[in-house]
Amino acid sequence: MKLDSHGDESGIVNPTFYQELTDEQTIPEPTARADATSSATILPQVTVTRPLYQQHQLNDAYRYRKPKRKLHRELLSKARSVDGKTCCSNVFPLTTWLPEYSWSKDLVRDLVSGCTVAVMHIPQGIGYALLANVPPIVGIYMAFFPVLVYFLFGTSRHNSMGTFAVVSIMVGKTVLAYTGTSESGEPPRTALEVATAVCFVVGVMQLIMCVCRLGVISFLLSDTLVSGFTTGAAIHVVTSQIKDLLGLTLPSLGSMFEIIKTYIEIFKQIVNVNWAAIIISTITIVVLVFNNEILKPKVAKRSVIPIPIELIAVITGTLLSRYLYLADKYSVKTIGNIPTGLPAPTLPDFSLMPSILLDSFPVAMVGYTVSVSMALIFAKKENYEIGFNQELFAMGTGNVFASFFSCAPFAASLSRSSIQYSVGGRTQIASVISCALLAIVLLWVGPFFEPLPRCVLSGIIVVSLKGLLMQVTQLKSFWQQSWIDGMVWILTFLSVVLVAIDIGLLVGIVLSVCCIFFRALKPYTCLLGNVPNTDIYLDVNRYDGLIQHTGVKIFHYCGALNFASRSAFKTTICETLGISLTEEIKRRKDPDWKPSLEQSCTVLILDFTSLSSIDPSAITTFKAMVREFEVLEIQLVLAGCQPPVFEVMQRCGFVGEINKPYCRVFPAIHDAVHYARESVGNGSIHGSVVSGTTGIV
C-alpha cells in the first residue's frame, strides 16, 4: 500500500482527491524470511493515493461532530416501550416460558427430576441444617418456602434452590456467636432466632442491591477467586463434620483460626472417640464412594434416574439406629426431635439485626454469586437469558419471606442443580413437584428420621464435597495461565482455611480488584517498525525485517492513561528510548555541552490507536513531557487517537488550532511517519532495517 502527499508542508490539500488502482502483482516476501522455502504469494496489490491529513483537517473535511444525547427523548422512548405485558414478564419471568411449556413432553421430565431432587433434599437439608447449627427440620423448611418464591420470581430454569453447604457453615458461625446472648432482662436467644434474623437481613441486603442495580457486582468475583474460596470453604465443612464422624463433642471455638483450633482440640480429645460412630461413618463413606465411582457410571448408561444412595443411607441408618438402639447402647448421637406440620409465621428478632449486619453481608454475596454462577452455566447450555438484578430480587424476596417461617438464608446447590439438570429437568416446575413431596415429609414423615445417627449425615456431607475439594487440581491450570491468578487462588484459599471464611472472601475480592489495577498499570507497549512497501506497522521485538526510519521512533501504547498510570507511561517511554530526561536536561543546561553529530531520535510518534481513555491528570503530565522533550530537541507527534480521547485533549487545550498545538495529531501512523520523515530529512526516503537488512520505501 502506497501513501503519497499532494500539497504543501502543512499538508492542506483537496480532500476529494482519492484514487484506487487494483491489479495482480507479486508482493515481495519479508526480508527476514528471504531464505525460506515458501514462494511469494500472488495477491492483488492495492495502491491508494490520498492527502496527508492532520486530525483537525480530517475533522473539518468531513464535518466531525460529537453525537449529542437527548436524555428526555431516550427516557420517553423507554417509557413508551414498557407496557403491562413487559412489566409482568420482568417481574414474573415464568410468564416468558410457561406459555411455551410442553405439558406432554416436559412434564414427565420435570416430574422425574422433581422426585429425584426431593429425595436429595431430605438428607442434605437435615445435614446442612446441622452445619448452620439450627434444628434439622429447618433444612426441610428451606427446601419448601423460599423455593416457591423463587419459582415465581427467579430467572434460572434449572437451579435447585435451598440449603447449600458453604452458606450454611457461614450462617452457623454467626449462630454460634450470638446464641445465648441477649439484652439485659430478656431471655437468651435461640439458634433459630439468630438464623431467621440473618435470613431477613440477607434478604433486605439483596433487595437493596437489586434497587441499586448492583447485579453485575458478581463479576468482581473471578473464576480464580470462586475456585479458591469454595475449595477453602469445603475444608471448613469437612472439618466441621469430623467431630460427628468421630463421635466427639467439641466446645465453641470462635470464628477466627477455627480450623487450627478445631484440630488442636480433636487431638486433645482423641482418646474419647466413639468407635461405634467411627465404624458407622466408615461404612457410610465406603458405600457412597463405591456407588459414586463404580455403580453410578454403569447405571447412568441404562437409566437417567440415579440411584438415590443418600436417601437409602438415611433410611438404612435410621432403621438400624431404631432397632439396634445405637443411641442407648453405644452413645451414638442422633438427630433428635423433628416436629411435624408447617411452622407458624413469626417475626424475626429485629433487635439483633444491627449486630449481624457485617456477618450477613458475606452470606448475601456468596449465596447470590454461587446461584448466579450455576444459573449462567445452565442458561448457556439451554440458550436462554439470566437477569442479574431479577435474581437479586428473587433471592431477596425469598429470604425475607422465608425468615417469617423459621428459615435460614438459601442459595443454589451445586450438586442438586447438576442432578436436576442431568436427569432431564426442563423448568422450575421440577422444584414445585419437589416442594409438594417435601410437604408430605413435613406433615407426616418427619418424625421417622429422629433416630438417624449424625455420623451418617456427616459421611454423606463429606462425600458430597468431593467435587469442591478436587478443585485444588485447578491451581495448576490457573498458575500456567498466569502466575498472578495462581497467587490469587493460593492466598484466597489460605485466608479462608487458616483465618476465616468471611476474611478469606474479603481477601479474595481485594486481590481480584488489585489484579485489575495491576494489569491496567502494566499495559502492552513496544516500538513499531514498518513492513516494507506497506502502511503496516508491527512490533520490532516480535517481527523481523521491519524498517525503522532514521531519527523516527514509533511508540505503541495499549491501555488507558490516567492519574494512576501517567508516571509509569512516562517512565516506560524513557526506558524504551534509552534516555533519562532529568540527566539529559541537566547536560543540555551545562555551558560546556556540545551537540552530537547524530541523534537517535528527533521525532517520537505515539501510536494511540489502542488508547482506550485519557483523563486531565494524564494530559497535565503530557504537557510537561512535551516541554521536556523540546529541550532535548525531540518532537512529539500523536497518531490514531480515538474520538473520545481526541475530545478530552481538545477540552484540556492539548490539541487545537494548527499553529498552537502542544502536539500535532494525525489520524493514522503512516501520515505521522510521512510528516516525521519530512521533518527529519527534508523528504529523505532512506531508512535502516532491523536485523541488519537494508531497504528503501
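Mentor: Leu494 counts as partly exposed because its relative accessibility is 37%, where buried means under 20% relative accessible area, exposed over 50%, and partly exposed in between (1.4 Å probe, protein chains only). This is a predicted model, in which local features need pLDDT of at least 70 and side-chain atom pairs count only at pLDDT 80 or more, while totals for chains, interfaces and linings use all residues. Residues are numbered from 1 along each chain as its sequence is written, and side-chain values use heavy atoms, with hydrogens and water left out.

Leu494 sits in helix 22; helices (H or I, at least four residues) and strands (E, at least two) are DSSP runs, numbered from the N terminus. Together with Met256, Phe257, Ile260, Ile264, Leu498 and Ile503, Leu494 makes a nonpolar surface patch of about 550 Å². Patches are made of residues with over 30% relative accessible area and no salt bridge, joining like charges within 9 Å and nonpolar side chains (Val, Leu, Ile, Met, Phe, Trp, Tyr) within 5 Å. A salt bridge here is a side-chain nitrogen of Lys or Arg within 4 Å of a carboxyl oxygen of Asp or Glu, and accessible areas come from the Shrake-Rupley method with a 1.4 Å probe, only the protein chains shown counting as cover for residues. Helix 11 (258-268) and helix 22 (483-498) each supply at least two residues of the patch.

Now the spaces. On a 1 Å grid over the protein atoms alone, a cavity is a set of points where a 1.4 Å probe fits but cannot get out; a pocket is an open set with protein on both sides within 12 Å along at least five of seven lines, and lining residues have an atom within 4 Å of a point. The largest pocket holds about 1,300 Å³ and has 50 lining residues, with Met374, Leu414, Ser415, Ser418 and Leu468 nearest its centre. By class, its lining has 26 nonpolar, 17 polar and 7 charged residues.

Helix 15 gives the largest share of that pocket's lining, 10 residues. Helix 15 also gives the largest share, 4 residues, of the lining of the second largest cavity, a space of about 70 Å³. Helix 10 (223-246) and helix 15 (357-382) each supply at least two residues there. Among the lining residues are Leu221, Phe229, Met365, Thr369 and Leu505.

Technical notes. Points joined across faces, edges and corners; volume = space filled by probe spheres on them. Nonpolar A, V, L, I, M, F, W, Y, C, P; charged D, E, K, R; others polar.
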